[in-house]
Every structure is written in C-alpha cells, then in structure tokens.
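Hi there,

Here is the structure I promised to pass on to you. Have a look at it first, and then read my notes below.

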Amino acid sequence: MIDNELGSLFKERVLFFQERLKKPSPWYPYPALISVGLIMVLSGQLLPGLNPRLGSRANIIQLDAPPEMEGSIWLGIYPRKGGITLITSEKNIFKWATSGISPQTKKRLVNYLKSRVSRENISAALTLSTSLPKVRAVLAVDQTLKYQNIVPVLHALADARISKYSFEARLVKN
Amino acid sequence: MRKRLSDGPWHPRALNISIIGLLLILSFVFRVTYISGSYGVVDSEIPLVKVEVKDPQANAQKERARSYIKKITPVVVMTEEEFIFTDLNGITKELDDPRLRFSIPHLEGSPNIPELLKTMAKWNHRRVSTKKFSADGTLILLPSSQIPMPIVIQTIHYLKKAEFISQVVLASGLT
C-alpha cells in the first residue's frame, strides 16, 4: 500500500518535471548568477585568506633561502603596462611609471604601510606580546625589474619606519 | 539514443556566462593549487638613527644597537662591469686614494661572487688584524640602478653566507 503510494508520488513528480522542462525556462539566469556569486565569494573572501600572493603577477627568483616567517607585511611588485604595480596582501594596488613614483602615490603607500604598522602595534599592545615578522616587509619582486624600480619602495619603507625587509624567493626543492 | 526531457533551448547568453564563470572558478582553483604555501626570504635592513628616549619608569628599558655603520664598515659597489669593494672611508673621506678600493670584474657578464668573497675575506682579515678592531658583520651594498633585481637578491644572499658578514644594508644605488 505504502509502496504504491510512494510509486505514484514519484511518478507524479517525474511527470511534473517533464511538463515543466517542456516549457521555455524562465529560470535561465540563475546558473549564471550562481557562478558569478561563487566567483565573488571565492575571490573576495576565501582565496586571499588562503594565500596573499593570489592576484600578484610577480614571477620571483628561485633560491635556497631560509624559510619565510608567516605574518609579515607582504608586497608584490611587478611591471604592468609600461609601469610598476605594487599589490598588497589586502589587494590594495599602487601604480607608478618606471621613470619614478609620484608624490601622491608615495604618500598613499607610506600611509598604507604606517597604518599596517600601527595596527600591528595596537594588537601587540593589547595582547601584551610582540611579533617580529609583523613589522617586517616581504617584497615579492618580479625578475624583470631593475634596482631603480625598487628604490621608491625602499624609500617608502624607510618613511613608514620599517627597517627590516626581505626579498621573497621561491624555495628550491631538493 | 536518449530523448531530451526539455524542449526549451538554453539561452545562449546564459550558457556563455555560465561557462565563463566556471572557467574563472577553475582558474582560481588551479592558481590556488599551483601557488606554494612556503617561500624563502633574503633579509636586508634599513639603518636607523639612534635616538635616546628618556624612560621615566623605574624599570627603564634601553634599546641597544646590534651594530653601527662606521667608517670601517665594508662597502661593495656593484656596477654592470665589476664589484668594487672598500670601506666607507674609501668612498667618502678618502675617495682620492685609489689604493683603498679593490675591483673584481664580472666573469663573462656574471657577477664573480666566489672571487669577491675570497678576496674580501683576505682583505677583512688583514685590516682587522693590523688595525685592531672587531668587525661587527655589517656590509653596505651599493648597486647600480640598472642592475636586475634577481642579481641584487642573489648577491645579498651569497654575501650573507660569508663568515664575516651577518647583515647587508642596501644603499639607494648609483645613477
């Protein structure tokens, strides 16, 4: 008795879906909207949290360097459209021409670095503990850049009172 | 042959947007799996000016410098043709005296870092033993502005492997 009821209910649902799928589908934008929504969630929230290097086009050097400590102020620097682009782990982007950085861009960069340092100092004061990597900048520099392209970043670090910095390198796998 | 349940065709625009969206998601996923979680670092430092801050508290904390930049601090100038090494005195106060500076030409365009370190080690040993001072391991690297960054990073990395160098200060560069 119960089997018959379930069977008829199943048939009824199948017939309903058959009928519905024969009609023009007004729900067609929804798969696309789901895809777009997933991209927004993944790119905006989940993926940058996994790895700050996402979105950076810096192709860095490979060396047998000591491993990096987590939690540093990460900055990716690479050439793009005839200029230099700097991207932070929070996806802030600073751009300048290869000939030199404008005072406005430099000021914005220095302000960003100062805000990162002050944020770390406040959290260190609140937790009564300090973390050395958090006041260290790590520069992921593209291999095609020359030293003159990096000098403005070093000056910005000095202006933001960051005295320790490192160049990131891809580890050599043994 | 299976019969399609739906007669309603998918809107081509929706199909295209869905495929592009799926490809974008896949590219993110591939990028996440491709990016390594661990990286290496080559450290450098920006020198600080020491400013004494009076601490009125009973347990006054004093910050002590690990090392100082002095006139005897070694300097390596890196040009597109050669390394020139000397001490800070040799490129400032006694710039006129060529005997204070030593040149290591690049080997077929590549920086000859092993030769630089070998020669610098001898030079450092001689000046430490004759002038009776203790080297604190600080070195100033002054690259030319046109030197590619991979070479600058590699030079810092290999300079720090020398026994008598513990930290490298990158100077603003030659123009």
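You will find A:Ile93 in strand β4 (residues 93-97) of chain A. Helices (H or I, at least four residues) and strands (E, at least two) are DSSP runs, numbered from the N terminus.

Leaving aside residues up to four places away in sequence, A:Ile93 touches A:Thr85 and A:Ile87. Two residues are in contact if their C-beta atoms, placed from the backbone, lie within 7 Å. A:Ile77 is 16 residues from A:Ile93 along the chain, and their C-alpha atoms are 9.9 Å apart.

A word on the source: this is a predicted model, in which local features need pLDDT of at least 70 and side-chain atom pairs count only at pLDDT 80 or more, while totals for chains, interfaces and linings use all residues. Residues are numbered from 1 along each chain as its sequence is written, and chains are lettered from A and ligands numbered from 1 in the order in which they are written.

Now to chain B. Chain B has three helices and six strands, in the sequence order α-β-β-β-β-α-β-α-β. Of its 175 residues, 22% are buried. Among contacts in chain B with a separation of 6 or more, 58% join residues 24 or more positions apart.

Which helix of chain B is largely enclosed by the rest of the structure? Helix α3 (residues 149-159) is, because eight of its eleven residues are buried. Among them are B:Met149, B:Ile153 and B:His157.

Happy exploring!

Note on methods
Buried ≥ 20, exposed ≤ 12 C-beta atoms within 10 Å, placed from the backbone.
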